[in-house]
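Work through the exercises below with the sequence and the 3D structure open. Try each task before reading its solution.

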Amino acid sequence: MLLENMSYIEVEAYLSEKDIILIPIGSVEQHSPCGLIGTDFITAEAIAREVGRRMDIIVAPTLPYGMSQHHMAFAGSATFSPETMISVIKDITKSFVSHGFKKIVYINGHGGNINPVKTAFDSLKYEDTPGLFEIISWFLLPEVQEIEKSLFQDKNGHHATPGEVSITKYLRPETFKTKSTRKKEIEHFNVYWPLSKREMKLFYPDGRMESAPWLAKENYGKLIMEEAIRVIMDRIREILKITVV
Ligand code: NI
């Protein structure tokens, strides 16, 4: 059920029965020479939309941009400042709350979004905004990480992972005809966070973070995505049981 295809009459009818909405969020940032700049929002959107379809839950339009300041030394990346990201999440959340949605669940594809989204939730609660606000990051689900470990052992890494690249390869195979598949060394650093764009480029000159994105395969993507959908549906079932006061 995609919000963008509904009328307000249909949304009102939905709200007479349900009060949950899913909002996919990602990033517009480089994913090494092997992966797509849209990786994080493409994965989050596909997973959220499938969860919404299977559970008859409204999925809002995707917020493709996120907090990606450490990727800004790579062409094509774009970022919100932390302050803007917090404001955007607050405004979107408050908009849906104002119409009667009580459970606002962000389905997230990008690690850099977690802190600002949670800070936005804190700020909303500081302002006494009613509702249950949640962020589910598909790539952090233990069940998903277990599958990735069985497929890629210690080569999944932290960014431009073969796991996320596999999902985009499954969803948009034609875009990979022009992408690199060259194997490179995997280097491990004692790194600190957060990183500036200059520091990121020095630690990770080709944009990977200890990952082997050339291991990505379409059928792995299907497998990983299916597990993410399954586990998120379980989480949503738990959220549906909670009474918002
Ligand atoms: Ni990513």
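**Exercise 1: A residue in a loop**

Arg208 lies in the loop between α7 (197-203) and α8. The model is a predicted one.

Task: Decide whether Arg208 is buried or exposed, and find which residues Arg208 touches.

Solution. 
- Step 1. The relative accessible area of Arg208 is 9%. Buried means under 20%, so Arg208 is buried.
- Step 2. Leave out residues up to four places away in sequence; Arg208 then touches Ser32, His159, Ala160, Lys184, Glu185, Ile186, Pro213 and Trp214.
- Step 3. For a distance across the model, take Lys94: from C-alpha to C-alpha, Arg208 and Lys94 are 36 Å apart in space, and they are 114 residues apart in sequence.

**Exercise 2: The nickel site**

Task: State which residues coordinate the nickel ion and how the donor residues are spaced in sequence.

Solution. 
- Step 1. The donor atoms belong to His31 (NE2), Asp40 (OD) and Glu164 (OE), and they coordinate the nickel ion at 1.9 to 2.2 Å.
- Step 2. Written along the sequence, the spacing of these donor residues is H-x8-D-x123-E.
- Step 3. His31 is in the loop between β1 (20-25) and α2 (39-55), while Glu164 is in helix α6 (residues 162-171), so this pair ties together parts that are 133 residues apart in sequence.
- Step 4. Check the accessibility: His31 has 1% relative accessibility and counts as buried. Glu164 has 7% and also counts as buried.

**Exercise 3: Two crossing helices**

Task: Describe how the axes of α6 and α8 cross and which residues make the contact.

Solution. 
- Step 1. Two packed helices are described by the angle and the distance between their axes.
- Step 2. The axes of α6 and α8 come within 7 Å and cross at roughly 105°.
- Step 3. Angles of 65 to 115 degrees count as roughly perpendicular, so α6 is roughly perpendicular to α8.
- Step 4. From α6, the contact is made by Gly163, Ser166, Ile167, Lys169, Tyr170 and Leu171. From α8, the residues are Glu218, Tyr220, Gly221, Lys222, Ile224 and Met225.

**Exercise 4: The nonpolar cores**

Task: Find how many residues the largest nonpolar core has and which helix gives the largest share of this core.

Solution. 
- Step 1. The largest nonpolar core has 57 residues, and those with the most contacts inside it are Ile47, Val51, Ile104, Trp138, Ile232 and Ile236.
- Step 2. Helix α8 (residues 218-241) gives the largest share of this core, 10 residues.
- Step 3. Take Val51 as a case: apart from neighbours within four places in sequence, Val51 is in contact with Leu22, Ile229, Ile232, Met233 and Ile236.
- Step 4. There is also a second, separate core of seven residues, including Val28, Leu36, Val165 and Phe176.

Key: Residues are numbered from 1 along each chain as its sequence is written. This is a predicted model: local features need pLDDT of at least 70, side-chain atom pairs count only at pLDDT 80 or more; totals for chains, interfaces and linings use all residues. Side-chain values use heavy atoms; hydrogens and water are left out. A nonpolar core is a set of buried Ala, Val, Leu, Ile, Met, Phe, Trp, Tyr and Cys residues joined through side-chain atoms within 4.5 Å. Buried means under 20% relative accessible area, exposed over 50%, partly exposed in between (1.4 Å probe, protein chains only). Helices (H or I, at least four residues) and strands (E, at least two) are DSSP runs, numbered from the N terminus. Contact means heavy atoms within 4.5 Å. Donors are N, O and S atoms within 2.8 Å of the metal (3.2 Å for Na, K and Ca); water is not among the atoms, so sites may look incomplete. Axes are lines fitted to C-alpha atoms, for helices over the stretch in contact, and angles run from 0 to 180 degrees between N-to-C directions. Angles under 35 degrees count as roughly parallel, over 145 as roughly antiparallel, 65 to 115 as roughly perpendicular and the rest as oblique.
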